[in-house]
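Try each task before you read its solution.

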Amino acid sequence: MRQMSSNANEYDHLDETECLTRLSKLIWRANENVNIVSRKSNTSPELLFQQHVLDCLPLVDVIQEKVGSLDSGIRILDVGSGGGFPALVLAAVRPEWKITMLEATSKKCDVLTSVSIGMDLRNTKVQAGRAEDIGHQFGWRESFPVVTARAVAELRTLAELCLSFVEVGGLMFAMKGPVEQAEMEMKAAEKAIEEMGGKIEDLVEIDANMKELGLRTVVVIRKVSSTPSKYPRGVGRPNKRPL
């Protein structure tokens, strides 16, 4: 396990920090009408920036290190995008990356589309639907070199929801909490990950430089073989009856 850190001040261009600040404001305003992030803990754009944007920034470096040169416009799928984290942060920071956001709730899809337009993010796409359904469709199944997820489900459920989208040889990045929690989830998910054709490659400890958040983790899973056609199971089953 290694540690990586990120801080808005570490980014060289002031316009990038301003861009992410603007992103926080747009999401915060949208959250007044559609509950996409917790309103109790995100009472201002500044808090939303600290708790979500700064939390997601280290993932940029983790992906960059693991995948290598991504200047050619790699395709990334974010499963269960919700309020747009980490997808919108990735899209804002790396305009050469092509980000697809998969979200089951139509109102949240509308917000993701609206924020993308408001930010003039031309490298994003929003898809409404459930991973259990879309994961079986041609053009989606085993079609992405990188798949991300944050605050969606525990790892054994997440493996079934996400790994069907990852091409063989590709990577899944699951953002998780403290090391102890991540290691417990990894142990519980060993069977599910193997069944889906995955193999845990790394556990990266990240530091958003926020005392309230503490050190968090990214579980990196390599897709080493095709996912059996019966997975993912029907809507709700991966969560109700995890492998």
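Helices here are DSSP runs of H or I with at least four residues, numbered from the N terminus. The model is predicted.

**Exercise 1. Find the helix that holds Leu158, then decide whether Leu158 is buried or exposed.**

Step 1. Locate the residue. Leu158 is found in helix α6, which covers residues 155-162.

Step 2. Recall the cut-off. Buried means under 20% relative accessible area.

Step 3. Apply it. Leu158 has 2% relative accessibility, so Leu158 counts as buried.

Step 4. List the partners. Setting aside residues up to four places away in sequence, Leu158 touches Ala149, Val152, Ala153, Leu163, Met172, Ala174 and Lys176.

**Exercise 2. Describe the largest nonpolar core: how many residues does it have, and which element gives the largest share?**

Step 1. Count. The largest nonpolar core has 43 residues.

Step 2. Trace the suppliers. Elements giving at least two residues each include α1 (14-31), α2 (45-67) and β6 (166-176). The largest share, 10 residues, comes from α2.

Step 3. Beyond its neighbours within four places in sequence, Leu20 contacts Phe49, Val53, Leu57, Val89, Ala92 and Val93.

Step 4. Another core of 30 residues lies apart from the largest one; Val79, Ala131, Leu161 and Phe165 are among its members.

**Exercise 3. Summarise the whole protein: how many helices and strands are there, and what percentage of residues count as buried?**

Step 1. Count the elements. The protein has 9 helices and 8 strands.

Step 2. Take the buried share. Of its 243 residues, 53% count as buried.

Methods: Residues numbered from 1 in each chain as written. Predicted model: local features only at pLDDT ≥ 70, side-chain atom pairs only at ≥ 80, totals over all residues. Heavy atoms only, no water. Buried < 20%, exposed > 50% of the residue type's maximum accessible area, 1.4 Å probe, protein only. Contact = heavy atoms within 4.5 Å. Core = buried A, V, L, I, M, F, W, Y, C linked by side-chain atoms within 4.5 Å.
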